[in-house]
Amino acid sequence: MDNKFSKKEIDEFYINIGKRVKELREKNNMTQLELSYAMGYKSVSLVSAAELYTNKKHFNLEHLYKITKIFNTSFFELVPENL
């Protein structure tokens with residue numbers, strides 16, 4: 001079985017999702033802490049790390065689901081178009 005993706009592609013995928021979440025958050029005048037609270041977390045660490053893909057921390061499907069509900073948007077708004 002020949003993989004059609006690389007680790008670099010996966011990293012770029014998560015980086016782009018983080019950027020899209022940040023853009024959406026800023027567009028809605030929400031801080032990282034406010035988004036964290038809205039997602040049910042008590043600290044900013046998840047959102048700040050996932051937006052920047054720090055230490056390969058990224059949003060999972062549950063996080064993205066919550067973000068779409070918070071901002072009343074589509075999951076596809078968060079996913080890079082070049083899939």
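Tutor: A residue counts as buried under 20% relative accessible area, as exposed over 50%, and as partly exposed in between. The model is predicted. By these limits F75, at 31% relative accessibility, is partly exposed, whereas F76, at 66%, is exposed.

The aromatic side chains come first. The structure contains three aromatic pairs. One of them joins F13 and Y14: the ring centres lie 5.6 Å apart and the planes stand at 65°, so the arrangement is edge-to-face. Both partners are partly exposed, F13 with a relative accessible area of 23% and Y14 at 21%. F75 and F76 also form an edge-to-face pair, with centres 5.7 Å apart and planes at 80°. F13 and Y14 belong, together with Y53, to one aromatic cluster. Y53 follows helix 3 and has a positive phi, near 60°.

Helix 3 itself spans residues 45-52, and its buried residues are V47, A49, A50 and E51. These buried residues pack against helix 1 (7-27) and helix 2 (32-39).

In one of them E51 is paired with R25, and the closest N and O atoms are 2.7 Å apart. This pair links distant parts of the chain, since E51 belongs to helix 3 and R25 to helix 1, 26 residues away. Both partners are buried: E51 has a relative accessible area of 5%, and R25 is at 7%. Beyond its neighbours within four places in sequence, R25 is in contact with M30, T31, Q32, L35, E51 and F71.

A salt bridge also joins the side chains of K56 and D11, at 3.0 Å from N to O. K56 is located in the loop between helix 3 and helix 4 (61-71), while D11 is in helix 1, so the pair ties together parts that are 45 residues apart in sequence.

The salt bridge between E62 and K66, at 3.1 Å from N to O, is set within helix 4, where the two residues are four apart and thus separated by about one helical turn. An α-helix has 3.6 residues a turn, so residues three or four places apart point the same way. E62, at 46% relative accessibility, is partly exposed, and K66 is likewise partly exposed, with a relative accessible area of 23%.

Technical notes. Residues are numbered from 1 along each chain as its sequence is written. This is a predicted model: local features need pLDDT of at least 70, side-chain atom pairs count only at pLDDT 80 or more; totals for chains, interfaces and linings use all residues. Side-chain values use heavy atoms; hydrogens and water are left out. Rings of Phe, Tyr and Trp (its six-membered ring) pair if their centres lie within 6.5 Å; planes under 30 degrees apart count as stacked, over 60 as edge-to-face and the rest as tilted. Buried means under 20% relative accessible area, exposed over 50%, partly exposed in between (1.4 Å probe, protein chains only). Contact means heavy atoms within 4.5 Å. A salt bridge is a side-chain nitrogen of Lys or Arg within 4 Å of a carboxyl oxygen of Asp or Glu.
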